[in-house]
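Here is a friendly walk through one model, from the ligand shell to an aromatic pair and the domain layout. Please have a look at it first.

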Amino acid sequence: MFSKNEVTVGNIKIGGDHHIVIQSMTNTDTIDVQKTVSQIIELKQAGAEIVRVSVRKKQDLEPFGEIVKRVDVPIVADIHFDYRLAVQSIKNGASKVRINPGNIGSEEKIREIVKVAKDYKIPIRVGANSGSIAKEYQNLPIYKALAESALKEVRLLEKEGFFDIVVSVKSTNAKENFLANQYISQRIPYPLHIGVTEAGVYEDAIILSSAGLGSLLLNDIGDTIRVSVSGNPVKEVQIAKDLLISLGLKEGIKIIACPTCARSEINVESWAYQVKNWIKERNIVKNLSIAVMGCVVNGPGEARHSDIAIVGTKNTSAAIFLKGKLYGTYKKEEIKEVLSELINDLN
Ligand code: SF4
């Protein structure tokens, strides 16, 4: 089970028994309202349910308020150093604020943020990453230092009677990331925002995020995820979505394809891509698995656990299996139509 507490971010719930929420962050200049709004819309269309926007200075506050009004996605204000930015962002419509009490300063300033967050019923995310380990924990193993630094921030909020909290601990090292989140999940009831920080460019981020987030999610740790990718944040959302679908934590079509060998009767890679692209174009959202297998030797057996299996036979035709039973044999050009009918009929 995931953590028991839940928080409400706009119209989205995080924690409790709720689904794993996908979030991302804009990388446009907050002052450029139009660009930022466009990016948020793109992120939403890609599947983001919550989007974070940096509020770096006083001049960002007004555009931030304008951005919030122009989108229908809950927006999180990302604040560092200045408590007044957190207070005003909440007043300007933030659905959640992410702060780092360690760099906000005095307890009095944190108290001010808490007071407004309570009035507006806004959750606060706190946490730690490799760059924000508290001095007193620097001799601990890194995962423990990370987790204890985050717990210290949690205690600062709890001391003010504030419990509407989301916590994150992030590392660029998948194992440290796992251990830190595991440690923290055993000690607090608050929803966990998980991610592997600074995961790199697209290909590297896919691997690191799959290892780092997959290991946590398979252990029921994590309530909301943010994949980190250098570049266009839409890619973060796509990776997050694919990861959740592959783990069975989100509705979607899973494409299974054999690695091919000398027995392969069809170009599995090309067929698998065609099926994948065709499903993407039609934006089909169903819980289905479709297997593309190269031959009848192992194909039907390996595909028995799929809803639909396309298995290569001689002369560029393929047999289609439905729930493990032979449905028929078709020419390549007929496959799309048959597949379409079957997908429509299933579920
Ligand atoms: S399904 Fe057939 S072609 Fe694909 S890996 Fe297995 S034996 Fe080889």
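The shell around the ligand has three nonpolar, five polar and one charged residues by class. In this scheme Ala, Val, Leu, Ile, Met, Phe, Trp, Tyr, Cys and Pro count as nonpolar, Asp, Glu, Lys and Arg as charged, and the others, Gly among them, as polar. Its members are Cys258, Thr260, Cys261, Ser264, Gly294, Cys295, Asn298, Gly299 and Glu302, where being near the ligand takes a heavy atom within 4 Å of it.

A note on the basis: this is a predicted model, in which local features need pLDDT of at least 70, side-chain atom pairs count only at pLDDT 80 or more, and totals for chains, interfaces and linings use all residues. Residues are numbered from 1 along each chain as its sequence is written, and side-chain values use heavy atoms, leaving out hydrogens and water.

Now to the rings. Pairing requires centres within 6.5 Å, with planes under 30 degrees apart called stacked, over 60 edge-to-face and the rest tilted; the count comes to one aromatic pair. Tyrosine 143 and tyrosine 183 have ring centres 6.2 Å apart and planes at 80 degrees, so the pair is edge-to-face.

Burial is set by relative accessible area (buried under 20%, exposed over 50%, partly exposed in between; 1.4 Å probe, protein chains only):

| Residue | Relative accessibility | Class |
|---|---|---|
| Tyrosine 143 | 24% | partly exposed |
| Tyrosine 183 | 11% | buried |

Finally, the automatic or database domain assignment gives domain 1 (6–246) and domain 2 (253–345). Their centres, taken over C-alpha atoms, are separated by 39 Å.

Technical notes:
Rings of Phe, Tyr and Trp (its six-membered ring) pair if their centres lie within 6.5 Å; planes under 30 degrees apart count as stacked, over 60 as edge-to-face and the rest as tilted.
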